[in-house]
Amino acid sequence: MKIVVLILILAGVAYLAFRFLTGQKYKKSLFGTQKISERSSEIPLKGNVFANWWVVEHAVFISLRSKKNERNLLAAFILKWVLEGKMNVIPTTKKRRATMGLRLDEPFTDRTEMNFYEMLLAASGNDYVLESKEFERWAKHNYKLIDEYPRRADVRGKRYLIAKGYMGEDKKVVPAMYPQLCRSIEFKNYLKSLDLSLDQPKPNQWKDFLVIGALYGFTDKILKQLKEQLPTSFRDYARSINMDPAQLLYNIEAAQLMASKGFTAAKDEQTREEQN
């Protein structure tokens with residue numbers, strides 16, 4: 001009996017290895033195919049963070065919950081709000097620190113998105129100026145809220161896809177929409193081999209490009225290339241939001257740092273509690 005079980009386990013491992021090595025790792029029920037090797041610079045799913053989060057989290061036929069991906073989700077929203085002017089990055093000379101002023105008069109059209117912004121407001125205190133150290137302390141004491149947010153984002157992403165007709169009420173993808181969902185993976189493939197010197201977004205695409213790039217974990221790669229050579233379209237985008245390119249680069253780094261500090265503090269505290 002043990003030999004039979006061992007054979008079945010080895011067969012299962014071999015099957016999984018074959019699927020991944022040949023690129024046939026995606027769910028056919030979501031994309032209409034198991035292999036997506038194409039690249040596309042088109043912003044997927046109209047740049048909606050929740051929809052892209054849901055698709056990528058459920059894309060592979062077997063996957064585990066990733067702390068790195070969850071951190072990227074928070075980073076994407078913080079960067080989104082910085083670019084939209086909901087958060088104002090305050091320069092600081094302290095290394096590995098970030099400080100941001102939060103605005104109270106900015107409207108939200110999505111309740112789930114606003115919920116995370118309210119967490120940052122709570123962390124910022126009475127002056128609504130959030131320092132990375134403050135966010136770390138708040139996240140440490142409220143790690144359960146941070147831990148729960150990716151699940152809420154998952155639910156919101158599915159609801160968005162249903163509301164926009166990508167999925168039916170039976171939660172199955174409409175076959176005609178397979179190509180649209182494939183765009184998320186194609187965009188991720190594009191980011192993996194990104195070369196901004198050859199292919200760069202248009203000025204009006206940079207916001208979604210940076211936000212979804214952060215969601216997929218490519219902010220460091222994008223920043224590295226931008227520091228080596230600033231595309232003209234990036235300069236034009238910076239001017240359109242009343243920033244100079246150097247300030248915009250600094251703001252992107254600050255958003256990444258703020259999310260990383262808070263998320264790491266929350267996860268460390270969660271791990272400590274579980275061990276106790």
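Rings of Phe, Tyr and Trp, the last taken by its six-membered ring, count as a pair if their centres lie within 6.5 Å. With that rule in hand, here are some close-up views of this predicted model.

**Figure 1. A cluster of aromatic rings joined by ring pairs.** Welcome to the aromatic side of the structure. Phe 50, Phe 77, Trp 81, Phe 108, Phe 116, Tyr 117 and Tyr 149 are linked into a cluster by ring pairs. One member, Phe 108, also has a charged neighbour: the charged end of Lys 86 sits over its ring, 5.1 Å from the centre.

**Figure 2. An edge-to-face pair, Tyr 26 and Phe 31.** The model has 16 aromatic pairs by the ring-centre rule. In the pair shown here, the centres of Tyr 26 and Phe 31 are 5.8 Å apart and the ring planes meet at 80°, so the arrangement is edge-to-face; planes over 60 degrees apart fall in that class. Tyr 26 is buried, at 7% relative accessibility. Phe 31 is buried too, with a relative accessible area of 2%.

**Figure 3. Lys 188 over the face of Tyr 216.** In this view, look for Lys 188 lying over the ring of Tyr 216, at 5.9 Å from the ring centre.

**Figure 4. Strand β2 and its two pairings, with β1 and β3.** Strand β2 (residues 99-102) pairs with β1 (residues 87-90) in the antiparallel sense over four bridges. Within that pairing, Asn 88 stands opposite Gly 101. Strand β3 (residues 129-131) also pairs with β2 in the antiparallel sense, over three bridges, and Glu 131 is the bridge partner of Thr 99. In a regular strand, side chains alternate between the two faces of the sheet. Along β2, Thr 99 and Gly 101 point one way, Met 100 and Leu 102 point the other way, and all of them are buried.

**Figure 5. Helices α11 and α12 crossing.** The axes of α11 (residues 232-240) and α12 (residues 245-275) come within 9 Å and cross at roughly 85°. The two helices are therefore roughly perpendicular to each other, a class that runs from 65 to 115 degrees. At the contact, Phe 234, Arg 235, Tyr 237 and Ala 238 of α11 meet Pro 245, Leu 248, Leu 249 and Ile 252 of α12.

Terms used
Residues are numbered from 1 along each chain as its sequence is written. This is a predicted model: local features need pLDDT of at least 70, side-chain atom pairs count only at pLDDT 80 or more; totals for chains, interfaces and linings use all residues. Side-chain values use heavy atoms; hydrogens and water are left out. Buried means under 20% relative accessible area, exposed over 50%, partly exposed in between (1.4 Å probe, protein chains only). Two strands pair if DSSP finds at least two bridges between them. Rings of Phe, Tyr and Trp (its six-membered ring) pair if their centres lie within 6.5 Å; planes under 30 degrees apart count as stacked, over 60 as edge-to-face and the rest as tilted. A charge sits over a ring if NZ of Lys or CZ of Arg is within 6 Å of the ring centre and within 35 degrees of the ring normal. Axes are lines fitted to C-alpha atoms, for helices over the stretch in contact, and angles run from 0 to 180 degrees between N-to-C directions. Angles under 35 degrees count as roughly parallel, over 145 as roughly antiparallel, 65 to 115 as roughly perpendicular and the rest as oblique. Contact means heavy atoms within 4.5 Å.
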